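Please consult the sequence and the model alongside the text.

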Amino acid sequence: VGGYVWIGDQLNRHNCGHLRNELEMAKAMHFMSHRDFDSAVAVLKEFERKEQDMKARAATNLAFLYFLEGDLENSEAYSELAIKTDRYNATGLVNRGNVHFQKGELEQARTLYLEALGMEADCFEA
């Protein structure tokens, strides 16, 4: 993790904020792959105050993390934020559909999965 911080500092020093955002997203994915969900959530929540595309990506990942933890309320809230931020976010639609599926609202889930496939025909999650 120390390497991420050092590289991020260097990127900031050279006015490469957009690359730092990508690095922070990679750091969150690193935490997720090592099942350190608390750290991943902390990193992803920092994106809520950043530009729209990064905000949508972070919200999509937060929705998925909360879904994995069984927190359907937060998963639904973040999937809504992801879709609101980027209307064409197929993964956000799938996350929202997963929440409906878990709640037993199968028709709503199906509609969202089909909408995700309409956005991205190769969206295998749907």
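## Confidence of the model

Helix α1 (residues 2–13) has the lowest mean pLDDT among the elements of the protein chain, at 80, and α6 has the highest, at 96. Here pLDDT is the predictor's confidence in each residue, from 0 to 100, and helices are DSSP runs (H or I, at least four residues) numbered from the N terminus. Over the protein chain the mean pLDDT is 88, with 98% of the residues reaching 70 or more.

This is a predicted model, in which local features need pLDDT of at least 70 and side-chain atom pairs count only at pLDDT 80 or more, while totals for chains, interfaces and linings use all residues. Residues are numbered from 1 along each chain as its sequence is written, and side-chain values use heavy atoms, with hydrogens and water left out.

## Helices α4 and α5

The axes of α4 and α5 are 8 Å apart and pack at an angle of about 160 degrees; axes are lines fitted to C-alpha atoms, for helices over the stretch in contact, and angles run from 0 to 180 degrees between N-to-C directions. The two helices, α4 and α5, are therefore roughly antiparallel (an angle over 145 degrees). The crossing of α4 with α5 is left-handed, that is, the near helix is turned anticlockwise from the far one by less than a right angle.

Residues in contact (heavy atoms within 4.5 Å) include Ala56, Ala59, Leu62 and Ala63 of α4 and Leu72, Leu81 and Ala82 of α5. By class, this contact of α4 with α5 has 10 nonpolar, six polar and one charged residues; Ala, Val, Leu, Ile, Met, Phe, Trp, Tyr, Cys and Pro count as nonpolar, Asp, Glu, Lys and Arg as charged, and the others, Gly among them, as polar.

## The aromatic pair

The count of aromatic pairs comes to one, where rings of Phe, Tyr and Trp (its six-membered ring) pair if their centres lie within 6.5 Å. Tyr66 and Tyr78 form this pair, with 5.7 Å centre to centre and 20 degrees between the planes, and are stacked (planes under 30 degrees apart). The pair links Tyr66 in helix α4 (residues 52–68) with Tyr78 in helix α5, 12 residues apart.

Helix α5 (residues 72–85) and helix α6 (residues 90–102) have axes that come within 8 Å and cross at roughly 150 degrees. That makes α5 roughly antiparallel to α6, and their crossing is left-handed. The contact involves residues including Glu76, Glu80 and Ile83 of α5 and Leu93, Arg96 and His100 of α6. The residues of this contact of α5 with α6 are five nonpolar, six polar and three charged.

Between α4 and α6, the axes come within 9 Å and cross at roughly 25 degrees. Helices α4 and α6 are therefore roughly parallel (an angle under 35 degrees), and the crossing of α4 and α6 is left-handed. Thr60, Ala63, Phe64 and Phe67 in α4 meet residues of α6, among them Asn95, Asn98 and Val99. The contact of α4 with α6 has four nonpolar, six polar and no charged residues.

Terms used: Parallel < 35°, antiparallel > 145°, perpendicular 65-115°, else oblique. Phe/Tyr/Trp six-rings, centres within 6.5 Å; stacked < 30°, edge-to-face > 60°.
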